[in-house]
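Please examine the structure shown below. The briefing that follows covers its pocket and its sheet.

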Amino acid sequence: FVSVEGGKLKKSSSTNKLADTTQLSLLMAQLPQPSLVSLARPEGPWGIVIAGVGGTGVITIGQLLGVAAHIEGKGIVTQDAAGLAQKGGATWSHVLIGASQEAIATTRVGTASADLILACDSIVAAGKETTLRMREGRTFVALNSNTP
């Protein structure tokens, strides 16, 4: 049993929530439509590496991408490298998406073969295991550089 003396409930303002939703809708409308890439390409399947630490959702992101590709009828392979993730250590999820399952011949994104690095943790993304997958002119990196 807990008692609170002198405390008051904070009332949420529905008008603030409405204003936030409207502002977000306006920002979303300004974003350009993404350009779709061809999966039938000489470089092979599209390779994504999600890099982070245990608890940042790395494995979940990899599985969500895999299920989305599967629903669209694409070939998909995911492989997770968790290591010490349960103790807050580095973890990676390799996702390969091809035009068909036969287009994928490996389970990991190869050296200098990543098309996208999703950096859930900047330290892990800048580490050797991740940077070995990058190649200038091919690899894009999505990293939130804001610090609270």
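The largest pocket holds about 460 Å³ of space. A pocket is an open set of points on a 1 Å grid over the protein atoms alone, where a 1.4 Å probe fits, with protein on both sides within 12 Å along at least five of seven lines. Its volume is the space filled by probe spheres set on the points, which are joined across faces, edges and corners. This is a predicted model, in which local features need pLDDT of at least 70, side-chain atom pairs count only at pLDDT 80 or more, and totals for chains, interfaces and linings use all residues. Residues are numbered from 1 along each chain as its sequence is written, and side-chain values use heavy atoms, with hydrogens and water left out.

**Pocket lining**

- Fifteen residues line the largest pocket (an atom within 4 Å of a point), and Leu36, Val37, Leu39, Trp46 and Ile97 lie nearest its centre.
- Two or more lining residues come from each of β1 (46–53), α2 (58–71) and β4 (116–119); helices (H or I, at least four residues) and strands (E, at least two) are DSSP runs, numbered from the N terminus.
- The largest share, three residues, comes from α2.

**Sheet**

- Five strands form an open sheet in the order β2-β3-β1-β4-β5, with mixed pairing; two strands pair if DSSP finds at least two bridges between them.
- The edge strands, β2 (75–81) and β5 (140–143), each pair on one side only.
- β4 and β5 run parallel and are joined by four bridges.
- Leucine 116 has phenylalanine 140 in β5 as its bridge partner.
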